[in-house]
Amino acid sequence: MERERKIKTLSLAALIVAVLGLTVAFAALSQTLTINGTASVDSATWDIHFENLSAGITSGDASVTTEAIIKDSVDGKQSTVIGDYNVVLTKPGDGITYTFDVTNAGTIDASLETLTKNIKPVCTSNSNVDADATTVCNGLTYTLTYTDTSAVVSQGDNLDKGITKNLTLKLQYDSNEVPSDDVTISGLGITLKYVQR
């Protein structure tokens, strides 16, 4: 019995040594990885607006009844609307041209997400003569281009922070025909929507 007790004690001691040995071996094969860091968000500004609107430059016998102005939008954004202009075109070759800057005065690069413009202006004859309205509308060109390159302003154009681009807005009547009565032209709105790039 004494011998059995010694064997059991030795076996228990061997088992404890084996378990401790596994713990030491496991500890020797383990590694702790740590990731530390901090982050911050710097202040930024979003400020894209119009500046430096020229007086209308007429061609032919066109005349300006009301000059275009830069004004604030309905939602209070400053200098984001060009409007209120009224021009009278009387014969083929008459037109009006405005130049102005679109400026990214903010700290975030921008891209022109959408440019919304009527494909054709809406022409209405004052005496309801459809032929007059059709004649005028078919003879109109209405473009928005970059002044320095004459390239058409298009969706996807970039406007990086701190950059100003000069644009040219032109309305021209180039038909070989003249209407028999006055025609009112509407639908000349253009909307430029810039988003973060």
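Two strands count as paired if DSSP finds at least two bridges between them. And helices (H or I, at least four residues) and strands (E, at least two) are DSSP runs, numbered from the N terminus. With that in hand, let's look at strand β8, residues 110-117, which is joined to β11 by 2 bridges, the two running antiparallel.

Before I go on, a word on what we're looking at. This is a predicted model, so local features need pLDDT of at least 70, side-chain atom pairs count only at pLDDT 80 or more, and totals for chains, interfaces and linings use all residues. Residues are numbered from 1 along each chain as its sequence is written, and side-chain values use heavy atoms, with hydrogens and water left out.

How confident is the predictor? pLDDT is its confidence in each residue, from 0 to 100. The chain has a mean pLDDT of 88, with 91% of its residues at 70 or more. Where pLDDT is low, the predicted coordinates should not be read in detail.

Back to the sheet. It's an open one of 3 strands, in the order β11-β8-β14, with antiparallel pairing. β11 (158-159) and β14 (190-196) are the edge strands, each pairing on one side only.

Now, the disulfide, meaning a pair of cysteine sulfur atoms within 2.5 Å. The structure holds 1: cysteine 123 with cysteine 137, sulfurs 2.0 Å apart. Cysteine 123 sits in strand β9 (residues 122-125) and cysteine 137 in helix α2, so the pair ties together parts that are 14 residues apart in sequence. The torsion about the S-S bond is about 100°, so this disulfide is right-handed. Both cysteines are buried, and by that I mean under 20% relative accessible area, with exposed being over 50% and partly exposed in between (1.4 Å probe, protein chains only).

Staying with α2, its buried residues are Asp132, Ala133, Thr135, Val136 and Cys137. They pack against β9, β10, β12 and β13 (183-186).

On to the core. A nonpolar core is a set of buried Ala, Val, Leu, Ile, Met, Phe, Trp, Tyr and Cys residues joined through side-chain atoms within 4.5 Å. The largest one has 27 residues, and Val102, Cys123, Leu167, Leu171 and Tyr194 touch the most other members. Elements giving two or more residues to this core include α2 (130-138), β7 (95-104) and β12 (164-173).

Take leucine 171: leaving aside neighbours within four places in sequence, its contacts (heavy atoms within 4.5 Å) include Val87, Ile96, Tyr142 and Leu188.

Also in β12 is threonine 168. Is threonine 168 buried or exposed? At 14% relative accessibility, threonine 168 counts as buried. Its side chain makes a polar contact with the side chain of threonine 147, at 2.7 Å. A polar contact is a pair of N or O atoms within 3.5 Å; within protein, one must be able to donate a hydrogen and the other to accept it, and residues adjacent in sequence count only if both atoms are side-chain atoms.

Most residues other than glycine have a negative phi. Asparagine 52, in the loop between β1 and β2 (57-59), has a positive phi near 55°. Asparagine 52 counts as exposed, at 54% relative accessibility. Aspartate 84, in the loop between β5 (81-83) and β6 (86-88), has a positive phi of about 70°.

Technical notes: pLDDT = per-residue confidence, 0-100.
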